[in-house]
Amino acid sequence: MSTTTRRPPEPTSLTIADDARAVLERAREEGIATVWDRLRAQQPQCGYCSLGVSCTNCSMGPCRIDPFGEGPQRGVCGADADVIVARNFGRSIAAGASAHSDHGRDILEVFAATAEEETTGYEIRDEAKLHALATELGIATEERSALEIARDLADALQEDFGTRKDAISLLDRVPEVRRELWRQLAVTPRGIDRENVEMLHRTHMGVDNDYTNILLHGLRTSLADGWGGSLVATELSDVLFGIPQPVMSKVNLGVLDAAQVNIALHGHNPLLSDVIVQAAQDEELVAMATEVGATGINLVGLCCTGNELQMRKGVPMAGNHLMQELIIMTGALDAMVVDYQCIMPSVTDIAKCFHTEVISTADKARFPGATHISFDPHRGLEIGREIVRRGIVAYGNRNPDRVLLTAEPVEMMAGFSVEAILAALGGTPDPLVDAIASGKIRGAVGVVGCNNPKVIQDGGHVTLTRRLIENDILVLVTGCSAIANGKAGQMVPEAAEMAGEGLREVCQALGIPPVLHMGSCVDNTRIIVLAAALANHLGVDVSQLPLAGAAPEWYSEKAISIGAYVVASGISTVLGVQPPIFGSMNVVKLLAEDLDGVVGARFAVEPDPERAAVWIRRHLEEKRAGLGLPAHDLDTITAPAAAAAAASHV
Ligand code: SF4
Ligand code: MSK
């Protein structure tokens, strides 16, 4: 167990969340190192890497470019700062896109096996969505069974991963004007795996040495994620597990119950967690839990596996990215079941100080110190039962004197799939379009992404979201942002009271919160699909709509890929954490300025959420003016004086 001898900073400076602060006090008292301590131990972090000007792509290096212009300006091979920064950025996009797309493929493989009746615990739960998808791909549905259709659909989508095509299958949802733009720019994604492989090829030494060309392929790679791998994950998860519908749930560490066996489901892929939810209802296992003295089995979510379960089944949510260590330190967690992505290797270290059993389940994601139970969809339910059984046994090792549960859970509403939003609007986007056109709603913004210990936890998400809804901007959230906003009480219908007059009126009429939970990281596709549907409905391009994206606390390569496909789809996006690109002002200029003239959208970097809100509000008003809608005078939209003095931006 690693410990730190220096006294860590006050919890109030690390997080705005009360549940986190209480456990961080315990970490301080007991000398247990957390992600925040490890970040401090890493200071000062490498300046070359922070600027993106270091390269390890070959063994003539490692190389770095002197950002002050006094030392080397070229790597051993001759690559300059522009090439090195663009190559690093491109590789990050490919890594993020690969993570999402591999997740999508895993869902697809189980879907295909389910179609062959080879799995246990899985079925086609939404035949209407299956039919809609099949029709979209030109697959016959008349007088055919669901399994027959599913087999053809699985084949067609598997083709999207590897086969060389002119375009992947689901691009017809994109407005024709944008698809034509992508054709002209040669960024139409041709195959989900192909674009990732090509990015790795291009960024090998001596291949693509034009930073613009590399970054354009970065957009193509990201589009293969957003309109390919991630979209496959979202759509087939809906077919297998059901389309999310609005559901009330609870959030924060208070969802743990000292009287029950507590099992947290952490990661991203709903395949195993769905069968664990089924297993936890097994009468034999519930009886076993009672025998060991518990009152029941309490499943809770973490990160995006949690989002998947909360959206579809109302499973309570324990926390977001930076809560994964703290939940173990409550002493009340009996088992943490992990699949993949965003799971800190440190969880097994922290678990050694408590009784928690960490159970890894994906053969591609092993955690030394964890019990590994290999996921196999052919025995899904059986494995789910085995995992729940282990959680019950671990409960027997719990020390009641170590249990630290202080938080009261907060209510939140989840489950706003595109289908659910349209249903809430009465089956047509017209009410939303009318509200935007009249100015009651100024526009819509996706506030998404992670926590990052460089940002006070949840502070970026909650402040930015609050400022947007106060100014009549509908906010769509996914991933850890959804959890942050849920904890802050901004995701219940009553939160309409926090919104500006126009948004409040619309939300109250529809009975919805001003901040809509659209799902997990792969479900950012729901946001771009909704944007494309609105654009098609109005006969305009996505880039003309009063929309924006924001990732105030992002950390992950997946977030870079998401940001890139959102921008490439025509939606400008503000990042709250500086990406490693500032070693090349050419790359910065391209991403933050010139891209607007190419794809009608661009990146911005703004660490201060108050100023990010101003940037977004101005952007939306400019888009409104462009559409001939009533727009506010930009000079009236300003940041609070303190924020203006403190922040910097591109
Ligand atoms: Fe250095 Fe070029 Fe090799 Fe990168 S690819 S490590 S810049 S020699
Ligand atoms: S879990 S990618 S920390 S949102 Fe999707 Fe949260 Fe970011 Fe992971």
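**Close-up views of a predicted model**

View 1. Strand β13 (residues 515-519) is largely enclosed by the rest of the structure, because five of its five residues are buried; buried means under 20% relative accessible area, exposed over 50% and partly exposed in between, with a 1.4 Å probe and protein chains only. Strands (E, at least two residues) and helices (H or I, at least four) are DSSP runs, numbered from the N terminus. This is a predicted model, in which local features need pLDDT of at least 70 and side-chain atom pairs count only at pLDDT 80 or more, while totals for chains, interfaces and linings use all residues. Residues are numbered from 1 along each chain as its sequence is written, chains are lettered from A and ligands numbered from 1 in the order in which they are written, and side-chain values use heavy atoms, with hydrogens and water left out. Strand β12 (residues 473-478) runs parallel to β13 and is joined to it by four bridges; two strands pair if DSSP finds at least two bridges between them. Leu 476 has Leu 516 of β13 as its bridge partner.

View 2. Four bridges connect β8 with strand β7 (residues 335-338), and the two run parallel. Strand β9 (residues 371-372) also pairs with β8 in the parallel sense, over two bridges. Ser 360 is the bridge partner of Val 338 and stands opposite His 372 in β9.

View 3. Thr 348 is part of helix α13 (residues 347-351). Its relative accessibility is 7%, so Thr 348 counts as buried. Leaving aside neighbours within four places in sequence, Thr 348 is in contact (heavy atoms within 4.5 Å) with Val 358, Phe 367, Pro 368, Gly 369 and Ala 370.

View 4. Cys 77 counts as partly exposed because its relative accessibility is 35%.

**View 5. The shell around ligand 2.** Around ligand 2 are 13 residues, of which His 268, Cys 304, Cys 342, Cys 480 and Cys 521 come nearest. Helices α12 (303-313) and α18 (479-487) are the elements that give two or more residues to this shell. Seven residues of the shell are nonpolar, five polar and one charged.

**View 6. The largest nonpolar core.** A nonpolar core is a set of buried Ala, Val, Leu, Ile, Met, Phe, Trp, Tyr and Cys residues joined through side-chain atoms within 4.5 Å. The largest has 161 residues, and Phe 111, Trp 227 and Ile 616 touch the most other members. Helix α4 (residues 81-115) gives this core its largest share, 14 residues. Beyond its neighbours within four places in sequence, Phe 111 has contacts including Ile 124, Leu 153, Leu 236 and Leu 240.

Notes:
Near = heavy atom within 4 Å. Nonpolar A, V, L, I, M, F, W, Y, C, P; charged D, E, K, R; others polar.
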